Amino acid sequence: MNSEILKRVISSIILIPLSIFIIVNGSILFTLFLILCFLICIYEWYKMVNKISIFSIGVIYLILSFISIYIIREDSNLSYYYVLLILCICVATDIGGYIFGKIFKGPKLTKLSPNKTYSGMLGSYFFALTSILIILNIKFIYTPFNFTLNLVLLVICTSTVSQFGDLTISFFKRFFKVKDTGNIIPGHGGLLDRVDGMIFAFPFSYLVISLDLIDIYK
């Protein structure tokens with residue numbers, strides 16, 4: 001295991017449980033956590049782009065994205081279960097794409113991000129669906145969801161949007177000729193590098209549920 005992968009693993013082991021604890025705990029801690037993440041993302045976006053118009057659009061979108069996360073967490077019908085569900089889908093999508101892309105390689109998915117492959121895309125779907133299925137079948141973990149066709153559809157759609165978010169930020173990084181949006185997370189780069197899929201997936205998933213497009217409780 002090379003040093004970069006080791007740093008990535010250690011960072012994940014620390015950050016994922018910490019994030020879950022803050023999300024579940026809620027209250028002022030969750031609010032402060034969101035504000036901190038928002039400010040870091042704004043700063044990294046500012047450092048990456050050099051056009052006021054693009055920066056402004058990004059800020060507006062980030063505001064809407066983080067507000068959607070806050071609303072989901074504070075909604076008594078969704079609460080932290082739904083936040084964790086989307087978080088799990090996005091993390092699994094990221095991990096699956098990385099692992100399958102490294103192992104199977106194959107044809108490139110798009111010129112926007114030359115490291116993305118079709119095998120990675122399939123790996124993202126596979127890991128997202130598998131992780132949710134495993135979690136829902138762990139007896140000592142309570143979840144209000146069941147592994148139904150509607151939930152599968154939500155997982156696939158959310159994973160797709162998360163991958164789109166990843167590609168979008170990758171496009172901007174290539175356009176502005178930067179490798180990472182920052183270096184705040186060892187082995188991962190910037191925070192925006194890690195939440196690129198989430199900032200697209202959360203608003204999308206919230207709209208899907210709030211508009212009753214997919215009823216995951218059925």
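Trp 45 is buried (under 20% relative accessible area, against over 50% for exposed and partly exposed in between; 1.4 Å probe, protein chains only), its relative accessible area being 6%. The model is predicted: local features need pLDDT of at least 70 and side-chain atom pairs pLDDT 80 or more, while totals for chains, interfaces and linings use all residues. Residues are numbered from 1 along each chain as its sequence is written, and side-chain values use heavy atoms, without hydrogens and water.

Rings of Phe, Tyr and Trp (its six-membered ring) were paired if their centres lie within 6.5 Å, with planes under 30 degrees apart counted as stacked, over 60 as edge-to-face and the rest as tilted. This rule gives 14 aromatic pairs. In one of them, the ring centres of Phe 38 and Phe 66 are 5.6 Å apart and the planes stand at 75°, so the pair is edge-to-face. Phe 38 belongs to helix 2 and Phe 66 to helix 3, so the pair ties together parts 28 residues apart in sequence; helices are DSSP runs (H or I, at least four residues) numbered from the N terminus. Phe 66 is buried at 10% relative accessible area. For Trp 45 and Phe 172, the centres are 5.1 Å apart and the planes at 85°, so this pair is also edge-to-face. Phe 172 is buried, with 18% relative accessibility. Trp 45, Phe 171, Phe 172, Phe 175 and Phe 176 form one aromatic cluster.

Notes. Helix = DSSP H or I, 4+ residues; strand = E, 2+ residues; numbered from the N terminus.
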